[in-house]
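Subject: Structure handover

Dear colleague,

Here is the structure you asked to look at. My notes on what was found in it follow below.

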Amino acid sequence: MNSLPDGFHALVVGASGSIGAAFVDLLGEAPRCASVRALHRHSTPPLDFADEDSIAQAAHVLADGPRYHLIVNAAGLLHGADFMPEKRLADLHYPQLLATFQANAFGPALLMRHFVPLLASERAIMAMLSAKVGSIGDNRLGGWYSYRASKAALNMLVNTAAIEVARSHKNAVLVALHPGTVASNLSRPFRGDSIGRPARDAAADMLRVLDALTPADSGSFRSWDGSVLPW
């Protein structure tokens, strides 16, 4: 992350997952990174997208520390113990819709609300891991209703927040970022182990993309290779 100041501070949300943990490891090894804070449901402080108060409280605790030059949200939900992605309209039901939107859209929205004030006044980047299947323009196969819709909602939230944040943090970049197919618990039921690349490689690719973004790119939807994805 050569575009960030020497001695920059980083924060990774969803750090207990494969991609989040890879971000933490890479940033912890970066000579110019002064600190990397890892948050998840069992961290100190805890941060759980199912608990709105935990998001606000975590921000309150971290407000006593340094401002962050990089915040990455790597938390997300595709499937759970009681459900898999819907293949057809007949599979839709409230519990899955609510759980998926809470993890992929509502939680990240509140994360932006409470953590944007913790961004450094100089160059700062906030990246929300999204997914290419959340692209309406790229949707060719259908299915995966909750996941697609929740990531499309996340993209709109990032784009809208970027407009507002530009007024108070002119050097900030907010971006929705597609990690590609990664070998992780999220992708494992869908041949993720065989067709996905290692989480560390994916995180390194995404850090390179973030490093090259400017405030003019804020509010965009990017892939792990730097390409602009259609909304």
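Is Ser218 buried, partly exposed or exposed? Its relative accessibility is 22%, so Ser218 counts as partly exposed. Please bear in mind throughout that this is a predicted model.

Surroundings of Ser218

Ser218 sits in the loop between H6 and S6. Setting aside residues up to four places away in sequence, Ser218 touches Ala162, Ala172, Val173 and Leu174. Ile163 is 55 residues away from Ser218 in sequence, while their C-alpha atoms are 8.1 Å apart in space.

The sheet

The sheet is open and has six strands, in the order S2-S1-S3-S4-S5-S6, with parallel pairing. Strand S2 (33-39) and S6 are at the edges and have a single partner strand each, so one side of each has no neighbour in the sheet. On average, and with direction ignored, neighbouring strands of this sheet are turned by 20 degrees against each other.

Strand S4 (residues 124-129) runs parallel to S5 and is joined to it by six bridges; Ile125 has Val173 in S5 as its bridge partner. Strand S5 (residues 172-178) in turn pairs with S6 over four bridges, again in the parallel sense, and here Val175 stands opposite Ser220 in S6.

Although S6 is an edge strand, both of its faces are covered. Ser220 and Arg222 on one side are buried, as are Phe221 and Ser223 on the other.

Helices on the sheet

Helix H1 (residues 18-29) packs on the sheet and touches strand S1 (8-13), S2, S3 and S4. The direction of H1 makes about 165 degrees with that of S1. Helix H6 (residues 199-212) also packs on the sheet, where it touches S3, S4, S5 and S6. For H6, the angle with the direction of S5 is about 145 degrees.

Aromatic rings

How many aromatic pairs are there? The count comes to three, and two of them are described here. Trp144 and Tyr147 have ring centres 6.1 Å apart and planes at 80 degrees, so this pair is edge-to-face. Trp144 counts as partly exposed because its relative accessibility is 25%, whereas Tyr147, at 8%, counts as buried.

The pair formed by Phe221 and Trp231 is stacked, with 5.8 Å from centre to centre and 20 degrees between the planes. Phe221 belongs to strand S6 (residues 220-223) and Trp231 to the segment after S6, so the pair ties together parts that are ten residues apart in sequence. Phe221 is buried at 1% relative accessibility, while Trp231 is partly exposed at 44%.

A charge over a ring also turned up: the charged end of Arg197 sits over the ring of Trp224, 4.3 Å from the ring centre.

Backbone points to check

Most residues other than glycine have a negative phi, and most peptide bonds are trans. Two places depart from this. Trp144, in the loop between S4 and helix H4 (145-168), has a positive phi, near 50 degrees. The peptide bond from Thr44 to Pro45 is cis, with omega near 0 degrees; Pro45 is in the loop between S2 and H2.

Ser54 is part of helix H2 (residues 52-62). Its relative accessibility of 10% is under the 20% cut-off, so Ser54 counts as buried. A polar atom of the Ser54 side chain lies 2.8 Å from the backbone oxygen of Asp51. Leaving aside neighbours within four places in sequence, Ser54 is in contact with Pro46, Leu47 and Asp48.

Pro66 lies in the loop between H2 and strand S3 (70-73). With a relative accessible area of 35%, Pro66 is partly exposed. Pro66 and Arg208 are 142 residues apart along the chain, and 23 Å separates their C-alpha atoms.

Regards

Conventions: Residues are numbered from 1 along each chain as its sequence is written. This is a predicted model: local features need pLDDT of at least 70, side-chain atom pairs count only at pLDDT 80 or more; totals for chains, interfaces and linings use all residues. Side-chain values use heavy atoms; hydrogens and water are left out. Helices (H or I, at least four residues) and strands (E, at least two) are DSSP runs, numbered from the N terminus. Buried means under 20% relative accessible area, exposed over 50%, partly exposed in between (1.4 Å probe, protein chains only). A polar contact is a pair of N or O atoms within 3.5 Å; within protein, one must be able to donate a hydrogen and the other to accept it, and residues adjacent in sequence count only if both atoms are side-chain atoms. Contact means heavy atoms within 4.5 Å. Rings of Phe, Tyr and Trp (its six-membered ring) pair if their centres lie within 6.5 Å; planes under 30 degrees apart count as stacked, over 60 as edge-to-face and the rest as tilted. A charge sits over a ring if NZ of Lys or CZ of Arg is within 6 Å of the ring centre and within 35 degrees of the ring normal. Two strands pair if DSSP finds at least two bridges between them. Axes are lines fitted to C-alpha atoms, for helices over the stretch in contact, and angles run from 0 to 180 degrees between N-to-C directions.
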